[in-house]
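Here is my note on the model, point by point. Please read it with the structure open.

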Amino acid sequence: MKVFSAPAIHVFLKDSHSEIRTRYALNALLMFVVTALALVLFSVGNDVVGTDVLSGILWVIIFFSGMSGLSRTFVSEEERGTTATLQLIARPTSVLLGKLFFNFVLILSLNVLVAVLYIVMINRFVILTPSIFWATIFLGSCALASSSTIIAAIIAKANTKGTLYPVLSFPIMLPLLLTVMNATRLATEGAAFSEALGEFQILVSYTVVVVTISILLFGFVWKD
Amino acid sequence: MKSTTAKIGLVLWLTLVICAAILFPMVPAPEKWYEFPIIPGLEEKARIIFFHVPMAWTTVVAFVAAMIYGIRFLMTKNLDYDLRSVSAAGLGTMFCILATVTGSLWAKFNWGSFWNWDPRETSIFVLLLIYGAYFALRSAVDVEEKRATLSAVYAIIAGVTVPFFIFVMPRIMTGLHPGSKGDPQGAGPVVQFKMAPNMLLVFFASLLGFTLLYFWLFNLKVRSSRLELQQQSQE
Amino acid sequence: MNHLTLTAGSLKKEFNRRVIFDSISFTLHEGEAFAITGRNGSGKSTLVKILCGLLSPTKGTVRVSVEGKEVNAEILFRHLGFVAPYLNMYDEFSGIENLMLFGKIRGLENNFAGDAEELLRQFNIFERRHDEVRTYSSGMKQRLKFAAALLHRPEILVMDEPTSNLDEEGIAAVRSVIAEHRRRGILIIATNEKEDVKYADAVLNLDERKLR
C-alpha cells in the first residue's frame, strides 16, 4: 500500500513549511476561534444553557473557523500562480493527499485547541465520557478535512472564493456536523462508549467515501 | 405527429389525476370505487399527498439526472451534457421550491407551524441548499469548460454525501411526518405509505404524470437553451 | 534516432465556444527544435500548455514516447521541463529551497543537491541562493525557473517566451541551454524573437494557420 507516497509527504512538508513562514491560515484560524469563543461567552453570560445547545455551539465555532482558513492550501497556490508549477512536478493524487493531510493536521490541532478552551471557559460544559468526546474530535477532524479539502480545490478555481466556501461546504458537511453534534451530546450525557459507535461508523464511512470520490475527481478540478 | 399525441395524452392524464385528487369524496366507510377512506388526523388535508410527494420525487429525479449528465460531461467533455445537467438542475430547483412550499403550507395546518425541522423537511432543505450552491458556483466561474467541470464535480460530491442523511436522521430526530409514527424506519427521508388501493392508484398515476411532465419540461428547456446558444454564435 | 517522439494529433481548443485553433498536427523527434510563433492572443501559450498537459484540448491528443514506449499522461511531467512567465516559484522559500523542494516532490533519486547548485551557478544566481525568492528581480526569477526546469534533466524542454525579463548575460545563458538541449532531446519554443526562431528546425505560425 503506497497510499502516502513520498511526493505526497513532500507536498505536505512544503505546505507546512510555507505555513510556518507565512502563517496565512494559522493567524486567521486562531483569531476566528478567539473571536467566536469570546462572542459565545458574552452571549451566554451566566445564563443556564442546556448541554445539547452547548455541544451544538462548539461545532458551529469549529465549522466557521475551519471555513476561514482551510481553503488556503489551494487558494494560496492559485493566488501566487504556483498551481501550474505544482502540476508539473507531481501527480494530482500526490497533491491531493499531501494537502488533505495538511488540512487534517491543521483542523485536528484547531479542534483540540477549541475543545480545551471550550471546556475550560464554559463551566456548564462538562464531559462525562471523555472517550466519546475525544474520539469524536479525532474522527470529526478526519471527516471535516476530507470534505473541506476537495471543496477548497473547487473554489480555488472560482472568482468569489471567500463567500463561496461556506456556501458549498455546508450542505456537504451537514450530515457530518449533525453526527458530531449528536456524539458530543452523548459525551456530555455520560453515555457508554458503545452507544456512540453508530456515530463513529457514520463518521468513518463518510471520510472513506469522500476521500475516495475526491481521489477519483480531483484530476478534473486540478487541471484547467 | 407522435410527440403531439403524447403531449395531449399527458395533459389529459394530468387533468384526470388532478380532478380525481381534488374531487373524489372522502367518506368514513368507502363503498363506491371513487370514494377515499378518511385517514384519522389528516382528513381532507391528506389530498396534498397527490401533489406534494410527486414534486419531492421529481426534485430527486432531477438531481440524479443533473449528476448523471455531470458524469457524462466529465467522461466526454461534450458541453451539450453540461447544458442538460444545468437544465435538469434548474427544473429540480423549481420542483424543490414547490415541494418545500406545499409541504410547509400543509405543515402549518397539520402541525401548527410552517417549519418544524422534521427529517423530511430537513432533507428537502438540504437539497434546496445544494441546488443553491450549485448555481452559486456556476455564476462564479467565467470559462464555460471550467464551469461545467467544477459544477459536475460538485454535483457528484453532493450526490455521494446526501445519502448519509438516511443514516444520520433517525439517530437525531423523531419524525412528525405521516408514515413515520410508531414506525422504526419511518424517520428516514423516504416515506412508506399505507393507503387504500384507489388512493394508491391515483397517487401512482400522479407520480407517473409528474415524472413525465418533468421529462417534457426538460426536453423543452434543453432545446430552447440550444437555440439560444445558436443565436449567440450567429451574432 | 526514434527513441523520443512527441506527436500532436489534430489539436483543437475552444474557450467559451470560441475556437482558438483547430487541427494542429505535428511530430517531433529527438534532436529537433520547434518554434511556435504568432501575434499576442493567437494561442501560443494555450498550445504550449496543452503540449505540457497543463490544459486539456477540446479535441485531439498529445502523445509522447520515450525509448519506444508511450508515456502515460499522468507522469509526462517526469520527462518534461517547462519555463514560462506564468509558472511561478514559491515566494516564501529561497532559490535553493525551491529547487530542493521540487527535487523531493518529484521523487528524484539521484543526488540532485549537487545538480541544483551547479544550475544556480550556470544561471549566475548562486550568490543569492539563500535569499527568499520574493526579494529576487524578475530577471533572477526567470533564471531560477530555468534551473527548476532543468533539474530533473528532462528529455523535452518547452519554453514560453524564454528571454523575457533577461539581460544580455541571461539571454546568452538561455542560448547555450537551447544549443545544448537540441542535441539531446526535443525543444519547443513559443516566441516572437527572430533570434530564437533561427534555432528552430520547423516553425508553426498560428496566424497563418488561422488564415488557411
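1. The A–B interface. Chain A puts 27 residues in contact with 26 residues of chain B. This is a predicted model. On the chain A side, the elements that give two or more residues are helix 7 (130–155), helix 8 (161–189) and helix 9 (197–222). Helix 8 of chain A supplies the largest share, eleven residues. By class, this side of chain A has 20 nonpolar, five polar and two charged residues.

2. The A–C interface. Here 20 residues of chain A are in contact with 22 residues of chain C. Two elements of chain A give two or more residues to this side: helix 1 (6–22) and helix 5 (83–87). Helix 1 of chain A gives the most, with eight residues. The class count for the side of chain A that touches chain C is seven nonpolar, seven polar and six charged residues.

3. The helix pair across A and C. Which helix of chain C comes within 7 Å, axis to axis, of helix 1 of chain A? The partner is helix 2 of chain C, residues 95–106, and the two axes cross at roughly 150°. An angle over 145 degrees counts as roughly antiparallel, so helix 1 of chain A is roughly antiparallel to helix 2 of chain C. From helix 1 of chain A, the residues at this contact are A:P7, A:H10, A:V11 and A:K14. They meet C:L101, C:K104 and C:I105 in helix 2 of chain C. By class, the contact has four nonpolar, one polar and two charged residues.

4. Chain C overall. Chain C has seven helices and nine strands. Its radius of gyration is 17 Å, close to the 17 Å that the globule rule gives for 212 residues, so chain C is as compact as a globular protein of that length. Along the principal axes, the C-alpha atoms of chain C fill a box of roughly 50 × 35 × 35 Å. Of its 212 residues, 43% count as buried. Among contacts in chain C with a separation of 6 or more, 72% come from residues 24 or more positions apart.

5. The hairpin in chain C. Strand 1 (residues 4–15) and strand 2 (residues 18–29) of chain C run antiparallel and are joined by eight bridges. C:A8 has C:F26 in strand 2 of chain C as its bridge partner. The two strands form a hairpin, with two residues between them. In the turn, C:N16 has a positive phi of about 50°.

6. The parallel sheet in chain C. Five strands of chain C form an open sheet in the order 6-7-8-3-9, with parallel pairing. Which are the edge strands? They are strand 6 (80–83) and strand 9 (202–205) of chain C, each pairing on one side only. From one strand to the next, the twist averages 15°. Within this sheet, strand 3 (residues 33–37) of chain C runs parallel to strand 8 (residues 186–190) of chain C, with four bridges joining them.

7. One residue in chain C. C:A172 lies in helix 5 of chain C, residues 168–184. Is C:A172 buried or exposed? C:A172 has 11 other C-beta atoms within 10 Å, so C:A172 is exposed. C:A172 and C:F34 are 138 residues apart in sequence. In space, the two are 19 Å apart, C-alpha to C-alpha.

8. Chain B. Chain B has seven helices and two strands. Along the sequence, the pattern of chain B is α-β-β-α-α-α-α-α-α. Buried residues account for 36% of the 235 residues in chain B. Of the chain B contacts between residues at least 6 apart in sequence, 66% join residues at least 24 apart.

Key
Residues are numbered from 1 along each chain as its sequence is written. Chains are lettered from A and ligands numbered from 1 in the order in which they are written. This is a predicted model: local features need pLDDT of at least 70, side-chain atom pairs count only at pLDDT 80 or more; totals for chains, interfaces and linings use all residues. Two residues are in contact if their C-beta atoms, placed from the backbone, lie within 7 Å. Ala, Val, Leu, Ile, Met, Phe, Trp, Tyr, Cys and Pro count as nonpolar, Asp, Glu, Lys and Arg as charged, and the others, Gly among them, as polar. Axes are lines fitted to C-alpha atoms, for helices over the stretch in contact, and angles run from 0 to 180 degrees between N-to-C directions. Angles under 35 degrees count as roughly parallel, over 145 as roughly antiparallel, 65 to 115 as roughly perpendicular and the rest as oblique. A residue is buried if 20 or more other C-beta atoms lie within 10 Å of its own, exposed if 12 or fewer, and partly exposed in between; C-beta atoms are placed from the backbone. Two strands pair if DSSP finds at least two bridges between them. The radius of gyration is taken over C-alpha atoms; the globule rule is 2.2 Å times the number of residues to the power 0.38.
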